[in-house]
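Good morning, and thank you for making time for this presentation. I would ask you to keep the sequence and the model in view while I speak.

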Amino acid sequence: MDFDLGVPDIRRLGVGYSDDETEREQIEIELLLEGMYRLYGYDFRHYAYPTLRRRIWHRIYGERLETVSELQSRVLHDRSCMERLVSDLVIHVTEMFRDPGLFASFRKHVVPVLRNLPAIRIWHAGCSTGEEVYSMAILLHEEGLYERTTLYATDMNEDVLARAEQGIYPLTKMRDYTKNYIQAGGTDAFSRYYTTSEDAAALHPFLRKNIVFAQHNLVTDRSFNQFHIILCRNVLIYFNSELQSRVHDLMYESLYKSGILVLGDKETITFTKHAPEYEAVIPHEKMYRKIK
């Protein structure tokens with residue numbers, strides 16, 4: 001998952017509004033975001049303004065409200081409404097074998113260690129629509145490790161989880177996914193892993209056999225298992241420092257000693273209290289081993 005950063009451009013807002021109305025709406029949005037930040041810790045205050053405004057109004061209509069201020073009141077008093085708004089604001093950008101170098105490094109440096117384990121548990125935290133967890137399933141299948149692995153794919157958004165569990169993606173994306181797969185060190189023909197129908201590609205059911213899909217909120221829910229690998233890529237960028245610290249606590253508690261934590265390219269362990277308890281496996285791939 002990524003989000004769209006940018007400098008607010010008030011001139012692009014509120015077509016047909018008077019200057020006063022545009023300014024009033026901007027103030028309302030700023031107050032809504034400040035309230036979310038101070039009460040829940042989600043910081044969207046620097047989100048690209050045109051996209052932000054459009055998604056906020058989408059939620060206003062979804063809640064059958066009429067103004068940003070009405071949405072603010074509901075968000076501050078109803079956590080479920082806040083979670084629906086966060087789901088609207090988060091842009092789910094993912095693809096199979098995204099950042100192929102990471103998967104190539106995983107094959108080279110992590111797979112040899114996993115071969116020594118009788119059973120493997122991997123957690124994809126913030127799995128979005130599932131492309132990453134299916135990519136890992138393919139990699140482990142090719143390395144002969146899938147049968148002894150359980151992959152846990154979690155997200156706070158039930159809608160994207162439902163899509164992930166289906167494992168059906170636009171056929172138009174398969175060409176790019178094939179390129180990623182090859183660059184990630186794929187050892188077979190990528191087309192073997194899906195069947196096509198009209199404009200869709202459905203991943204083979206055997207890839208879902210060892211995947212557990214479940215709703216989980218990294219901010220509010222506790223650890224539910226211990227893992228050898230945790231991938232939490234481009235999720236922490238949505239959180240302020242307090243919530244990032246809380247999530248790092250959760251992931252640290254959930255990792256076995258010598259377990260591997262994989263973060264997104266915009267994230268780091270460096271400035272957290274747990275930094276001394278990890279060592280970099282592949283620094284530029286944001287891959288860290290728990291040593292304490």
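I begin with helix H4, whose buried residues pack against H1, helix H2 (49-62) and helix H3 (68-77). Before going further, the provenance: this is a predicted model, in which local features need pLDDT of at least 70 and side-chain atom pairs count only at pLDDT 80 or more, while totals for chains, interfaces and linings use all residues. Residues are numbered from 1 along each chain as its sequence is written, and side-chain values use heavy atoms, with hydrogens and water left out.

Some terms. Helices (H or I, at least four residues) and strands (E, at least two) are DSSP runs, numbered from the N terminus. Buried means under 20% relative accessible area, exposed over 50%, and partly exposed in between, with a 1.4 Å probe and protein chains only. Contact means heavy atoms within 4.5 Å.

The buried residues of H4 are Cys-81, Met-82, Leu-85, Val-86, Ser-87, Asp-88 and Leu-89. How do H1 and H4 pack? Helix H1, residues 19-40, and helix H4, residues 79-89, meet at an angle of about 115°, with their axes 12 Å apart. Here axes are lines fitted to C-alpha atoms, for helices over the stretch in contact, and angles run from 0 to 180 degrees between N-to-C directions. On the H1 side the contact is made by Leu-32, Met-36 and Tyr-40; on the H4 side, by Arg-79, Met-82, Leu-85, Val-86 and Leu-89. By class, this contact has seven nonpolar, no polar and one charged residues. The classes are as follows: Ala, Val, Leu, Ile, Met, Phe, Trp, Tyr, Cys and Pro count as nonpolar, Asp, Glu, Lys and Arg as charged, and the others, Gly among them, as polar.

Helix H5 (residues 100-114) and helix H6 (residues 131-142) pack at about 55°, with their axes 11 Å apart. H5 and H6 are therefore oblique to each other, given that angles under 35 degrees count as roughly parallel, over 145 as roughly antiparallel, 65 to 115 as roughly perpendicular and the rest as oblique. Phe-103, Phe-106, Arg-107, Val-111 and Leu-114 of H5 meet Glu-132, Ser-135, Met-136, Leu-139, Leu-140 and Glu-142 of H6. That contact of H5 with H6 has seven nonpolar, one polar and three charged residues.

Next, two loop residues. Asn-217 sits in the loop between strand E6 (211-215) and strand E7 (227-232). Is Asn-217 buried or exposed? Asn-217 is buried, with a relative accessible area of 7%. Its side chain makes a polar contact with the side chain of Glu-83 at 3.5 Å; such a contact is a pair of N or O atoms within 3.5 Å, where within protein one must be able to donate a hydrogen and the other to accept it, and residues adjacent in sequence count only if both atoms are side-chain atoms. The side chain of Asn-217 also reaches the backbone nitrogen of Val-219 at 2.8 Å.

His-274 lies in the loop between strand E8 (255-263) and strand E9 (278-282). At 8% relative accessibility, His-274 counts as buried.

Finally, Asn-180 belongs to helix H8, residues 174-183, and is buried, with a relative accessible area of 10%. Not counting residues up to four places away in sequence, Asn-180 touches Glu-95, Met-96, Phe-97, Arg-98 and Pro-100.
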